[in-house]
Amino acid sequence: MGSTGDTAWQTRAAAKREAILGSIPGRWRLDKIPTVDEQRNVTGTYIRQFLSPKEAEITEADAVGIVEKTTSGAWSAVEVAEAFCHRASLSHQLVNCLHETFFEAALADAKELDDWFAKHGKPKGPLHGLPVSLKDQFHVRGVDTTMGYVGWIDTFQGQKGDARSKTFESEMVRELRRLGAVLYCKTAVPHTLMCGETTNNIIGCTWNPTNRHLSSGGSSGGEGALIALGGSPGGFGTDIGGSIRVPSSFNGLFGLRPTSGRLPYEGMANSMDGQNSVLSVVGPMASSAGGVRLLTQAVLSAEPWLHDPLVAEIPWRGDLEARTKDLISTSQLRVGFHAHDGAVTPHPPLQRAVALLRDIITRSGNTALDWQPPASASHPTVADLVTKTWFYDGGADVRKDFALSGEPWMPQIMDVWRERPQADATAVAETNRALRRCRKEYLDYWHGTGADVFVTPCAPFAAARPGRYHYVGYTSFVNGLDLPSVVVPITTVDKNVDVVDTSFQPVSELDRKTQSDYDPEIYDGAPVSLQIVGRRYQEEKVLAVAEWLEGELKKASPTS
């Protein structure tokens with residue numbers, strides 16, 4: 001590529017980058033951004049210093065607490081929206097987590113909600129006045145959907161002159177508005193979406209706000225970083241290989257990857273659209289399990305199956321939630337534990353987190369089981385099949401979008417999207433048959449254990465060091481089996497406890513490389529999370545277990 005092309009894409013990227021920053025009101029601009037050595041963790045007390053006491057109170061409430069205030073009239077929708085617009089603005093300056101802001105439109109929507117409440121004496125819907133952030137795959141009127149591509153700026157998914165540009169809205173966006181949510185920003189993603197880190201040529205790298213030595217994860221990494229900084233009480237990401245669970249895990253959040261067809265995906269931008277062997281799904285992320293439950297239940301109350309042909313008609317099932325709570329309270333919950341998938345060894349903090357959670361299960365009187373699916377349906381086996389589906393087109397779709405501007409691929413992306421042959425119909429059918437066999441064998445194994453759910457890491461590390469995310473098998477197997485999974489934060493890395501395992505013996509070069517990336521000094525303070533996996537369409541069950549575990553973990557560490 002010649003220098004002229006370089007200049008063209010760089011100019012467009014820089015203009016967009018400046019436009020994002022320029023959308024932040026001057027009164028909310030920071031004079032200085034500390035280096036990572038000056039301030040590793042920019043959450044909590046650090047970001048709070050830039051807020052008023054009332055703004056801090058509002059933005060540090062979880063989604064459930066906020067809705068209790070807005071639906072009762074204790075807090076106005078406008079004051080809540082403005083507080084989160086302010087905190088989101090600070091968050092972006094600290095870690096590069098936003099792609100779009102539409103604060104004026106959000107405040108206008110919030111004013112309409114306040115007027116509605118004043119006139120009718122009741123909330124407009126179950127999310128009345130709740131600010132909700134969105135990953136930059138959702139189309140929202142008035143703003144771009146770039147998905148991190150320079151060539152998508154001022155277009156509709158790369159198509160210039162398309163009448164849908166900045167006018168079309170995704171089905172989920174329409175439903176959230178009807179439910180009373182206030183939409184105010186869209187969050188950063190890696191171009192292509194197919195990366196465990198969030199980086200692109202428009203905003204650069206989105207850093208982990210708890211430990212800025214590390215990545216915020218991907219592809220919903222902007223969403224994870226924003227919520228971790230308190231710039232959003234909850235939002236929605238997508239997941240085809242771990243893109244909700246990875247950033248939830250890396251940022252110490254709760255995040256639900258639902259079964260495909262449970263929540264609406266209609267009208268969203270995507271990579272490799274039309275690949276149906278393993279579907280991308282949309283799901284909520286929040287600072288509490290209750291927040292994830294609230295968002296899930298609210299969207300289902302809008303009957304999305306009436307507007308999205310791929311959504312199953314399954315309303316929220318309070319009876320399943322209640323039965324799960326009964327299992328827990330009567331010590332009949334059976335939980336499998338899969339600490340190591342046999343391919344890549346989790347770092348010491350993850351191993352400690354598994355032990356901590358197993359101890360909570362057994363001390364509660366419930367049952368902890370060893371979870372070891374058959375080799376023919378092992379997690380690495382399923383993960384390998386999932387990877388095949390991502391490359392059916394040999395990368396043609398993403399190459400087309402890079403060619404729109406001539407921008408270069410980020411190194412993390414290029415490592416994934418090396419040149420590959422396109423699959424023919426026979427190869428696609430073979431992969432589909434193999435996935436079906438694995439799902440059946442896994443189901444038979446599960447039935448034999450009698451387990452309700454099982455626990456496993458989301459990644460072999462608490463968070464990835466930049467450019468070192470080399471293994472997605474701990475999340476992508478869930479996509480291959482199409483199971484619901486919710487992330488639960490367990491602890492944080494303690495350099496004095498989570499020391500390097502000097503007895504470690506790798507089973508492969510990848511295993512050796514992954515373990516060698518662990519440095520207790522660099523990782524100190526990073527969140528450590530695990531995922532709770534359930535049977536298909538049992539979102540209510542995994543969320544009930546997650547809420548219970550959240551309470552038990554708070555009891556065990558009341559100051560956390």
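Over residues 79-543 the chain is 38% helix and 14% strand, with the end C-alpha atoms 30 Å apart; helices (H or I, at least four residues) and strands (E, at least two) are DSSP runs numbered from the N terminus. An unreviewed UniProt entry assigns the feature "domain: Amidase" to residues 79-543; UniProt positions follow the numbering used here, feature names are shortened, and annotations may be inferred rather than shown by experiment. The model is predicted, so that local features need pLDDT of at least 70 and side-chain atom pairs count only at pLDDT 80 or more, whereas totals for chains, interfaces and linings use all residues. Residues are numbered from 1 along each chain as its sequence is written, and side-chain values use heavy atoms, with hydrogens and water left out.

The structure holds 39 salt bridges, each a side-chain nitrogen of Lys or Arg within 4 Å of a carboxyl oxygen of Asp or Glu. Arg177 pairs with Asp109, the closest N and O atoms being 3.1 Å apart. Because Arg177 lies in helix H7 (residues 171-178) and Asp109 in helix H6 (residues 103-120), this pair ties together parts that are 68 residues apart in sequence. A salt bridge also joins Asp498 and Arg352 (2.6 Å, N to O). Asp498 belongs to the loop between E12 and H18 and Arg352 to helix H12 (residues 348-363), so the pair links parts that are 146 residues apart in sequence. Asp498 is buried, with a relative accessible area of 2%, whereas Arg352 is partly exposed at 23%; buried denotes under 20% relative accessible area, exposed over 50%, and partly exposed in between (1.4 Å probe, protein chains only).

Ser503 is placed in the loop between strand E12 (485-492) and helix H18 (509-516). Ser503 counts as exposed because its relative accessibility is 54%.

No disulfides are counted under a criterion of two cysteine sulfur atoms within 2.5 Å. The sulfur of Cys85 is 7.6 Å from the closest cysteine sulfur, in Cys185, and is therefore too far for a bond. Cys458 is likewise in no disulfide, the nearest cysteine sulfur, that of Cys195, being 17 Å away.
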